[in-house]
Amino acid sequence: TLTSEEVHAFLANPAFVARRMQEMTDLSFVSDYLLRGSADATGTGAVVVEEDGPLFVDDAPEVIAPGAEYPLLTAGDAAAALIALRKKGFDAELTDEKVARSPRDELGRFLTRMANTMIRDFDSVSRGVIASKVTQTHTGSAWTSASAIIKDVLKAAAKIEELELGYTPNTVVLKPSQYAEVSAALISGNALPREAGNPLLSSARSFDYMGFTWVKSIYSPFAD
């Protein structure tokens with residue numbers, strides 16, 4: 001538990017607060033797994049995002065006679081959207097009296113609650129945007145065995161790749177209850193390496209398997 005003087009010293013340095021909040025939110029946003037691109041909005045307040053465009057040009061290659069010119073082809077441009085950025089945030093008050101009387105780490109408790117709220121808000125917004133863009137779904141079987149899980153994930157990934165839009169699926173997002181069932185099924189089905197090679201032993205939040213990052217979040221973009 002920090003004293004009032006220590007709390008004052010900590011809050012007087014914004015870099016300390018920012019670093020602590022960064023540590024508390026690292027690897028916590030499911031949006032970090034789903035939206036891995038980056039954009040520079042420095043000095044503009046907006047970013048330009050290209051909509052989905054075709055993966056191929058409109059014409060096929062032709063046989064070129066000796067000395068002949070190459071034929072010009074047509075290639076449509078992808079539509080672009082301009083998105084204005086919004087700054088969001090909040091503040092809180094922590095009195096000396098509360099710090100002095102409470103046996104708990106009130107500063108740490110406040111920061112934890114604020115970090116949790118930030119994650120919930122950001123992931124909820126991202127969840128809505130992602131869900132609104134989904135146009136293809138895959139209905140699989142009940143995930144009661146390792147083989148059923150692997151088959152459904154690979155078939156869903158293949159369906160995305162066959163759209164010929166250049167997408168390569170790399171993430172499986174699960175709710176905590178689903179994550180537990182999937183983990184148990186993969187272990188009991190001997191689908192994972194044993195002991196030190198088992199990816200489930202390296203992290204309680206996510207693991208890498210079959211070219212996918214399997215991550216759990218209560219803010220999964222989709223229902224069961």
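Guide: On a 1 Å grid over the protein atoms alone, a pocket is an open set of points where a 1.4 Å probe fits, with protein on both sides within 12 Å along at least five of seven lines, whereas in a cavity the probe cannot get out. Grid points are joined across faces, edges and corners, and a volume is the space filled by probe spheres set on the points. This is a predicted model, in which local features need pLDDT of at least 70 and side-chain atom pairs count only at pLDDT 80 or more, while totals for chains, interfaces and linings use all residues. Residues are numbered from 1 along each chain as its sequence is written, and side-chain values use heavy atoms, with hydrogens and water left out.

Visitor: How much space lies in the second largest pocket, and which residues line it?

Guide: The second largest pocket holds about 190 Å³ of space. Lining residues have an atom within 4 Å of a point, and among them here are Leu11, Val17, Phe90, Asp91, Glu93 and Met114. Helix H5 (residues 106-133) gives the most to this lining, with 4 residues, where helices are DSSP runs of H or I with at least four residues, strands are runs of E with at least two, and both are numbered from the N terminus.

Visitor: How should I read aromatic pairs, and how many does a search of the whole structure find?

Guide: A pair of aromatic rings is described by the distance of the centres and the angle of the planes. Rings of Phe, Tyr and Trp (its six-membered ring) pair if their centres lie within 6.5 Å, and planes under 30 degrees apart count as stacked, over 60 as edge-to-face and the rest as tilted. The search finds 4 aromatic pairs. The centres of the Tyr179 and Phe207 rings are 5.8 Å apart and their planes stand at 65°, so this pair is edge-to-face. Because Tyr179 lies in helix H7 and Phe207 in strand S4 (residues 206-209), the pair ties together parts that are 28 residues apart in sequence.

Visitor: Are Tyr179 and Phe207 buried or exposed?

Guide: Buried means under 20% relative accessible area, exposed over 50%, and partly exposed in between (1.4 Å probe, protein chains only). Tyr179 is buried at 6%, and Phe207 is buried at 2%. For Tyr209 and Trp214, the ring centres are 6.3 Å apart and the planes are at 45°, so that pair is tilted; Tyr209 and Trp214 are both buried. Tyr179, Phe207, Tyr209 and Trp214 form one aromatic cluster.
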